[in-house]
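Thanks for making time this morning. I would like to walk you through one part of a model, so please have the sequence and the coordinates open as I talk.

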Amino acid sequence: MTTASDDTGRLFATIHNWRAAGHDVAIATVIETWGSAPRQKGAHLAIRDDGLFEGSVSGGCIEGDVITTAIETLASRKTVRRDYGVADEKAWDVGLACGGKISVLVQPVAEHGFAPALIDRIITASQDGETVWTVTDLARGETHEKTPDRAENPDAFLLAYAPPFRLMIVGAVHISQALVPLAKLMGFAPLIVDPRTSFAAAQRFNDIDVDTRWPDEALEDWKPNAASAVVTLTHDPKLDDPALQIALQSPAFYIAALGSRRTHSARRERLQAAGFDEMDINRIHGPAGLEIGAASPPEIALSIMAELIAARRTK
């Protein structure tokens, strides 16, 4: 079964907002790829009735043609499939000349296409940490939630919408202010904990509440899993160390701590004294971030996000 791309949450929220503002919307989905296609199956492009769009199905190669098709789809209220490839003369015209092939399904966001209620269901499930499986009848052009009692055509297109990866940040510091929007852009759900009320002031972070519990208490409740990353940024052992201890007992795929090499050496000694062995402690990326010469808070945030992505993609 195919899993939807990482940016689906933001794209579906955009679709919801467009429809709430009174616009008709179409959604294009990559349903098949061959060779060096630039986007994977499950990638989406949302197109508004005035041509505004969000997402991508090819990284730019065929978007123009897909957008034109989507506008026609909204007018006809019919689902359309488009196949592009190097053997297709039109593919050269729209730019897919890299050797790959791609099939895109363009549906109206409507009951006879991709149901609006399903868009909302996926948004809510993502927020609740739940995976939603969908099935698209390619002959009828309709998408529904896949349920155990629904008999499906074996040729239907199945797609799973998994909840986003989480980034748990310890410390509502300057770097966090740059790291949060980067995390959202990369499809992560950021969480911040900091018991210091002056740091956790709500106006310092847009659209995210800072958890003011102690980090170990918050992480016990958050329960880091294999889709979680944990980064400590406070430089304060009273805050960072308890969080790292919880993270090291979890299957989190990325654990990192800010600080100099000397600071990290002292941190390793404290964790060893707390009972963690060399293999455990080696899971911590310290100092956090790729060595790119980062100096400013935004640059440090970028180096951390780059290292995090590398850890995720090489698992």
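Helices here are DSSP runs of H or I with at least four residues and strands are runs of E with at least two, numbered from the N terminus. This is a predicted model, in which local features need pLDDT of at least 70 and side-chain atom pairs count only at pLDDT 80 or more, while totals for chains, interfaces and linings use all residues. Residues are numbered from 1 along each chain as its sequence is written, and side-chain values use heavy atoms, with hydrogens and water left out.

The buried set in α5 comprises I175, S176, A178, L179, V180, L182 and A183, and the helix is followed by G187, which has a positive phi near 90 degrees.

Turning to the sheet, six strands are arranged as β12-β11-β10-β13-β14-β15, open and with parallel pairing, where pairing requires at least two DSSP bridges between two strands. Because β12 (210–211) and β15 (284–285) each have a single partner strand, one side of each is left without a neighbour in the sheet. Strand β10, residues 165–170, is joined to β13, residues 228–232, by five bridges, and L167 has A229 as its bridge partner in β13.

Finally, what does the side chain of R166 reach? R166, which lies in β10, places its side chain 2.9 Å from the backbone oxygen of K223.

Technical notes
A polar contact is a pair of N or O atoms within 3.5 Å; within protein, one must be able to donate a hydrogen and the other to accept it, and residues adjacent in sequence count only if both atoms are side-chain atoms. Buried means under 20% relative accessible area, exposed over 50%, partly exposed in between (1.4 Å probe, protein chains only).
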